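Student: I want to learn to read packing and pairing from a model. Can you take me through one?
Tutor: Gladly; here it is.

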Amino acid sequence: MRLFICGFGTVGQGFAEVLESRKAFFEQRYGTQPVIVGIMDSKTYAVDEKGLDPLAMVERKGTTRKVGDREYTDSVKVLDSVDYDLLVEVSPTDIKTGGVGLINITHALETGKDVITVNKGPLALKFQELIALAKANRCKFRFEGSVGGAMPIINLCRENLMGEEIQSVRGILNGTCNFILSKMDKGQPFEQALREAQEMGYAETDPTNDIEGYDTACKVVILANSVFGRNVTFSDVKITGITSITEEAISMAASRNMVIRLIGEVSETALEVSPRLIPKGHPLALTGTLNIAQITTDLAGPVTVSGRGAGRKETASAILSDLISIMDERL
Ligand code: HSE
């Protein structure tokens, strides 16, 4: 399997490292290794039909800030410059237009390549179009890491809970907001908590997407389309973020033994992101940067999962599981 990685920030580099760390696993399971034949960052690229050395590429990016010698302006031309089977699209997300991620994913699917992405913008804006394109071109298209990072949710609902009627998913799907709200529970001001979340690398490049609830809304759209078979887009979500939550509101909630948490909810009828009062001790009263989801099904009842919603190795773990699923089907 020849891979092209678009986006060589934290997640792209984390994935390269994870691939390297799983060499023995791939050898044992398939008798062969996936090779990275191309990598591009926002300005430069490197390609090699025989395979690039993942760790050398991470090292190079770390020291020079560039993944390759060659600069580009048209990512599609770069993709077409080498023979690959599967695109790993992890470039920074653009939730207004889908950005270069949408262009890359569309082009890869149109040219018959399998795609794994954690890029939320393209999925939240053009989900059904991309699914149709993948189907028309007989491509595998997976995106587990786009919701909840390392926390299994999409494949859990679609594969492990297969045959169930999934009635609702409610959860905390943004670590930045949960971190801020948890700090506010302890009396820390909003701005200071946000700065800390940015320093920890959790917040999006533009943290407005986190605190206004847009990032959670993208995830709600992805769940609605992939798990509930709905045909919705970002503009269909009723969104309220956490920017208007005051210290007084937090104290008032605490006096009633409650906390305020930003909850994303999807069901057959609901599509909403809003701050909610959650009783202390309830699973959704989670503290810190973790994500959590409560899935309610007709047979299994409630199923709750929690895990790290972002991070280098963590998000790469979701890409790895998608890659193995595809390799199981292809090899
Ligand atoms: N900014 C996101 C968060 C990263 O805080 O959860 C993962 O999508």
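Student: At what angle do helix α2 and helix α13 pack, and how far apart are their axes?
Tutor: Two packed helices are described by the angle between their axes and the distance between the axes. Here α2 (residues 23-30) and α13 (residues 312-330) pack at about 20°, with axes 12 Å apart. That makes α2 roughly parallel to α13. Angles under 35 degrees count as roughly parallel, over 145 as roughly antiparallel, 65 to 115 as roughly perpendicular, and the rest as oblique. Axes are lines fitted to C-alpha atoms, for helices over the stretch in contact, and angles run from 0 to 180 degrees between N-to-C directions.

Student: What should I know about the model and its numbering?
Tutor: This is a predicted model: local features need pLDDT of at least 70, side-chain atom pairs count only at pLDDT 80 or more, and totals for chains, interfaces and linings use all residues. Residues are numbered from 1 along each chain as its sequence is written, and side-chain values use heavy atoms, with hydrogens and water left out.

Student: How are helices and strands assigned?
Tutor: They are DSSP runs, numbered from the N terminus: helices are H or I with at least four residues, strands are E with at least two.

Student: In which hand does α2 pass α13?
Tutor: The crossing is right-handed. That term applies if the near helix is turned clockwise from the far one by less than a right angle; anticlockwise gives left-handed. On the α2 side, the contact (heavy atoms within 4.5 Å) is made by Phe25, Phe26, Arg29 and Tyr30. On the α13 side stand Leu320, Leu323, Ile324, Met327 and Asp328. Seven of these contact residues are nonpolar, none polar and two charged. Ala, Val, Leu, Ile, Met, Phe, Trp, Tyr, Cys and Pro count as nonpolar, Asp, Glu, Lys and Arg as charged, and the others, Gly among them, as polar.

Student: How do helix α8 and helix α9 cross?
Tutor: The axes of α8 (residues 175-185) and α9 (residues 190-199) come within 9 Å and cross at roughly 135°. The two helices are therefore oblique to each other. α8 passes α9 in a right-handed crossing. From α8, Thr176, Phe179, Ile180, Lys183 and Met184 meet Phe190, Ala193, Leu194, Glu196 and Ala197 of α9. That contact divides into seven nonpolar residues, one polar and two charged.

Student: Now strands. In which sense does β2 pair with β1, and in which with β3?
Tutor: Strands of a sheet pair through backbone hydrogen bonds, either parallel or antiparallel. Pairing requires that DSSP finds at least two bridges between two strands. β1 (residues 2-6) and β2 pair in the parallel sense over five bridges. Arg2 has Val35 of β2 as its bridge partner. β2 and β3 (residues 44-47) are antiparallel, over three bridges. There, Met40 stands opposite Tyr45. A hairpin of three residues joins β2 to β3.

Student: Why is β2 called largely enclosed?
Tutor: Five of the six residues of β2 (residues 35-40) are buried, so the rest of the structure largely encloses the strand. Buried means under 20% relative accessible area, exposed over 50%, partly exposed in between (1.4 Å probe, protein chains only).

Student: What is the strand order in the open sheet of six strands?
Tutor: The order is β9-β11-β10-β8-β12-β13, with mixed pairing. β9 (238-239) and β13 (301-308) are the edge strands, each pairing on one side only. β8 (residues 166-172) and β10 (residues 258-267) run antiparallel, joined by four bridges. Ser168 stands opposite Ser267 in β10.
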